[in-house]
Amino acid sequence: MTLKEILHKRYDGVKKQEPRGSDFETFYNNESRKLTDLFKLLQLDEWTEKLKSNGEYNFSQKEADFVLRLFDEYSGKDAKLDAIRRMDFRKFDPAFVDYLCQGFLEMFREAGASPEELAHIEVKLQERIFADFYQARVQYNATRKRLDQFFRTCAINNLSDYREFLSYFAGEFEKLSAPFIESMQDLAEAMDAIRLEECVDDDRLKNEVEKISLEEIMWDELDTVYADKIDSAKASDEELKKLKQKYESLINPGAKKLINPGAKKLINPGAKKPPFVNKIEKTAQKLGARISAREKEIEKYIIEEEHTKALQRDGKLHENERFTLPNIENPYTPSAENILSSRDVLVRALERLKEDDENLESDKDTQR
């Protein structure tokens, strides 16, 4: 089913509600742009060609239903994509995030994406909308709901009997939950330890350090020496302040907006929703780049000024000489190679705990 066919179906429904609405071609262009924006927002646009046949999106009936749901939830009152399009994580609906993640994975799976491509797509969804976190919330909420349902339907009418039941339930639940919570704490600590080991792995650190130029090492060392002065200069720089205020106003507009021009009372600063990401993304990136560049200018100026004075005091520079920081041609960026996936961290942590338990049992047998 092509996107045009899907949108024809949607257009017929919209036309009944709004007879004076736009013609189909205008409607199609506007609606298809929404799908394009959504793929871009979720960073899935790299793989969208897989969803096309003869240059046009083509979906199975099941995926067509998913796409229609995306359009239904794109905007309007209580639209579930609204919070995602604004990246307002506090307002995310966990069940819908889970639905979204599974729907996109199934969409690309049906389009013939390889297991490796599906893994990359899943990573993008985790990075962009923290799908793992919200999927875990769905599981947790379902468990809690079952427990609540159990107590609502528990058929003990005698209050005294119910008290005895609750007392017994609490004791048994504690027997089950206490060791479970302890085991989950052990698992969390094991996962954290594996991540820490990954960060301080000698071979990996050696490989990463080899990628850092001597010029960058000099910058970092001098940045540490003059950190207080650099921070002070950044805090007092008017140009940097204005850039940061512009950035804050862009991502959090209307924080101090008057109810009307003659009023002195302010609207609740938290009342306005965050803006849609696709409306501000380019501007935000440009402002972010300008902020970074200005901070680097300040850092360079302070280091050169202060280190010149220090070298002159030590007699290593003449009074008319000046220390200049070297240019960095290819700045170092941390490598993502050999970084474990979260799933691999979990599997390794479980294996480690299993080994610990086996070793403990072996020690006990030896002592007997």
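**View 1. Thr308 in helix 13 of the predicted model.** Thr308 counts as buried at 7% relative accessibility, where buried means under 20% relative accessible area, exposed over 50% and partly exposed in between (1.4 Å probe, protein chains only). The residue belongs to helix 13, which covers residues 277–313; helices (H or I, at least four residues) and strands (E, at least two) are DSSP runs, numbered from the N terminus. When neighbours within four places in sequence are left aside, Thr308 is in contact with Ile303, Leu317, Glu321, Arg322 and Phe323, contact being heavy atoms within 4.5 Å. This is a predicted model, in which local features need pLDDT of at least 70 and side-chain atom pairs count only at pLDDT 80 or more, while totals for chains, interfaces and linings use all residues. Residues are numbered from 1 along each chain as its sequence is written, and side-chain values use heavy atoms, with hydrogens and water left out.

**View 2. Gly288 in helix 13.** Gly288 is found in helix 13 and counts as partly exposed at 24% relative accessibility.

**View 3. The salt bridge of Asp237 and Arg294.** The side chains of Asp237 and Arg294 meet in a salt bridge at 2.7 Å, N to O, a salt bridge being a side-chain nitrogen of Lys or Arg within 4 Å of a carboxyl oxygen of Asp or Glu. Because Asp237 lies in the loop between helix 11 (227–236) and helix 12 (238–251) and Arg294 in helix 13, the pair ties together parts that are 57 residues apart in sequence. Asp237 is buried at 14% relative accessibility, and Arg294 is buried with a relative accessible area of 18%. By this rule the count comes to 26 salt bridges.

**View 4. The salt bridge of Lys50 and Glu117.** Lys50 forms a salt bridge with Glu117, and the closest N and O atoms are 3.4 Å apart. The pair links distant parts of the chain, with Lys50 in the loop between helix 2 (24–41) and strand 1 (52–53) and Glu117 in helix 6 (residues 115–129), 67 residues apart. Lys50 is partly exposed, with a relative accessible area of 32%, and Glu117 counts as partly exposed at 22%.

**View 5. The salt bridge of Glu299 and Lys296.** In this pair the closest N and O atoms are 3.7 Å apart. Glu299 and Lys296 are three residues apart in helix 13, so they are separated by about one helical turn. Glu299 counts as buried at 9% relative accessibility, whereas Lys296 counts as partly exposed at 40%.

**View 6. The negative patch on the surface.** Glu182, Asp186, Glu189, Asp192, Glu351, Glu355, Asp356, Asp357, Glu358 and Glu361 gather in a patch of negative charge on the surface; patches are made of residues with over 30% relative accessible area and no salt bridge, like charges being joined within 9 Å and nonpolar side chains (Val, Leu, Ile, Met, Phe, Trp, Tyr) within 5 Å. The elements that give two or more residues to the negative patch are helix 8 (159–199) and helix 14 (342–367), and helix 14 gives the most, with six residues. Glu189 lies in helix 8 and is partly exposed, with a relative accessible area of 46%.

How values were computed: Areas by Shrake-Rupley, 256 points an atom, 1.4 Å probe, with all protein chains shown as cover. Lys, Arg positive; Asp, Glu negative; His and termini not counted. Charge placed at Lys NZ, Arg CZ, Asp CG, Glu CD.
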